[in-house]
Amino acid sequence: MSRTPCQAIARFCAAAALAGAALVLGACNDNGVKAPAQLTLTVANPATILRNDAIRVLVGRSDLNVQTALDPQNFVVTNLCNGLRIDGSVRVSGDTLIFTPTQVLPYLIRIGVRVQNLLATSGVGLAAPFTFSLLTEAPPVSDISWGVLNSPTDDALVGISFVSRTTGYMTSSGGGVYATGNTGITWEARFKTSTLSLFTQVRAFGDTVFTAGVFSNGTGTSRHILKSVDAAHNFTTPVTLGGRPFSLDGTRASNGHIRIATMTFGSVADAYVYDAATGALIIGSGLSANSEYVPTQIDISKDAASTILTYRSDGGGSTPVSGQLYVSRDSGRTYAAFNFGRTVFQIAGGGFVDNNTALALGDSSQVFRVNLAAGTYVLLGAAQGIPQGESDPVTGRRLITYTFRRSVFTTGGQIGWIVGTVRRSVQGQADQVSGIILISRDGGLTWKRQAINGAADNGLAFPSVIDLTVLAADFSALSGSSGLNAARQADTQTVSQACSLTQP
């Protein structure tokens, strides 16, 4: 059977509509008579848009019926991640429809757009609703490879140590020791006594567990290194360091010996290296005698041949706000001040990259990569991936400050992490404090920021990080304020995908 040209066009138009093609040919009425051209719409945005971008649809003609264009039911925008409609307003500019969301859109959401019932002043309309989808941009930090673990308490978790991918230990500021045998799915309260409080870090080697705490007998207090040989069920006190506060930071297993680097501070600081096998206690000499400097962290190299001790001054007395680094190259027996050749900000901590390289970390985005053998250093900055603080350009008031406190690297010294705190100053409000995680894959030369999956603000709003343990490139865990407990259980830099972030 022969068909008129218009009937053939009608069949083609129907097939094109079913295939989702734009109608660029003339339409026909029921009598097979060619009708005026249909409205043809085109998306004017790229496939991925910025969170504050408007959505633009090109109509291709200027005789649009404005009433139909401004009807909110004719331009429907939906967040396809949660199924909710996105509020906004529509306006007409020449031959373009422009939808402006009421609020800035979330990162990485899929947006569904449906435009329908539009008419030109001549009565020409759309043959079918015009639909398309867009994706909003990824957040600045899209590596969300850390995942939250269960936490046994809301107290600050000051120490964490895993001896395998399943077995780990934590200490809390309230004086509790906790253990897990299933990678933090559940934690058991393993040890607690009313006479012991103020635990510091925990370090474990099989069933042998070390921590440190303060004993109170009602008339006074004493500080001890604590040792358990039964997986933290019971502890003995092999070392007493007197009545001054102290911290247990660096602990290494080297040549069959477990060596613990610890420090005390009062009118002056002392540094010790304790050999758990022999009971020998090395007391370091040559440290700063300036009581206005407070030690912040001690660490011992992987071969136990070198030790670093970091200091800060709050600017009291005659000493300006500044930091110091002391280095020992003889297993903690003698120390010497590292010469930066400049005044540095407070140094809040550090850690060894390998046996000859260490990081000194501090306030105001300060990260020094120090070559201990050569006595040289490099100050890392924004070009190396270290986030920089922000200040009000008018008043100079500090708005964002990054303070780094701890760094731990794998045995090979290539993959490692820096953790610490971000402080945001908001006028008329208390400062907002959160944590920060940076990863390096080249021995600490360059860094990238990481997030915790499920945390607010696209994975960045988690509490301050206090301690960090690293088993290998594909397993590390951290602990921090307000019961923070998280782990990274694969060496894949998980990148956020569409709809993978928590939706508002």
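Accessible areas here come from the Shrake-Rupley method with a 1.4 Å probe. On that basis the protein, a predicted model, exposes about 22300 Å², and carbon and sulfur atoms supply 51% of this area.

**Overall composition and confidence**

The protein contains three helices and 42 strands. Of its 504 residues, 47% are buried. Among contacts with a separation of 6 or more, 51% are between residues 24 or more positions apart. The mean pLDDT of the protein is 86, and 89% of its residues reach 70 or more. Over residues 1-31, however, the pLDDT is below 50, and this stretch has 24 contacts in the model beyond near neighbours in sequence.

Strand E24 spans residues 269-275 and is mostly covered, with seven of its seven residues buried. In a regular strand, side chains alternate between the two faces of the sheet. In E24, Ala269, Ala271, Val273 and Asp275 point one way, while Asp270, Tyr272 and Tyr274 point the other way; all are buried.

E24 pairs with strand E25 (residues 281-283) in the antiparallel sense over three bridges. Within this pairing, Tyr274 has Leu281 in E25 as its bridge partner. The two strands form a hairpin with five residues between them, and Gly279 in the turn has a positive phi of about 80°.

**The sheet E26 to E29**

Four strands make up an open sheet in the order E26-E27-E28-E29, with antiparallel pairing. Strand E26 (294-300) and E29 stand at the edges with a single partner strand each, so one side of each is left without a neighbour in the sheet. Inside the sheet, strand E27 (residues 307-314) and strand E28 (residues 321-328) run antiparallel and are joined by eight bridges. Thr310 has Leu325 in E28 as its bridge partner.

**Aromatic pairs**

A pair of aromatic rings is described by the distance of the centres and the angle of the planes. A search of the whole structure finds 13 aromatic pairs, including the two set out below.

| Pair | Distance of centres | Angle of planes | Arrangement |
|---|---|---|---|
| Phe340 and Phe368 | 4.6 Å | 45° | tilted |
| Phe409 and Trp447 | 5.9 Å | 80° | edge-to-face |

The angle of 45° between the planes of Phe340 and Phe368 makes that pair tilted, since planes under 30 degrees apart count as stacked and those over 60 as edge-to-face. Phe340 lies in the loop between strand E29 (336-337) and strand E30 (347-354), and Phe368 lies in strand E32 (residues 367-371); the pair therefore ties together parts that are 28 residues apart in sequence. Phe340 and Phe368 are buried. Together with Phe338 and Tyr377, these two residues form one aromatic cluster.

Phe409 and Trp447 are both buried.

**A charge over a ring**

An aromatic ring also takes part in an arrangement with a charged group: the charged end of Arg51 sits over the ring of Tyr107, 3.9 Å from the ring centre.

Methods. Residues are numbered from 1 along each chain as its sequence is written. Side-chain values use heavy atoms; hydrogens and water are left out. Rings of Phe, Tyr and Trp (its six-membered ring) pair if their centres lie within 6.5 Å; planes under 30 degrees apart count as stacked, over 60 as edge-to-face and the rest as tilted. Buried means under 20% relative accessible area, exposed over 50%, partly exposed in between (1.4 Å probe, protein chains only). A charge sits over a ring if NZ of Lys or CZ of Arg is within 6 Å of the ring centre and within 35 degrees of the ring normal. Two strands pair if DSSP finds at least two bridges between them. Contact means heavy atoms within 4.5 Å. pLDDT is the predictor's confidence in each residue, from 0 to 100.
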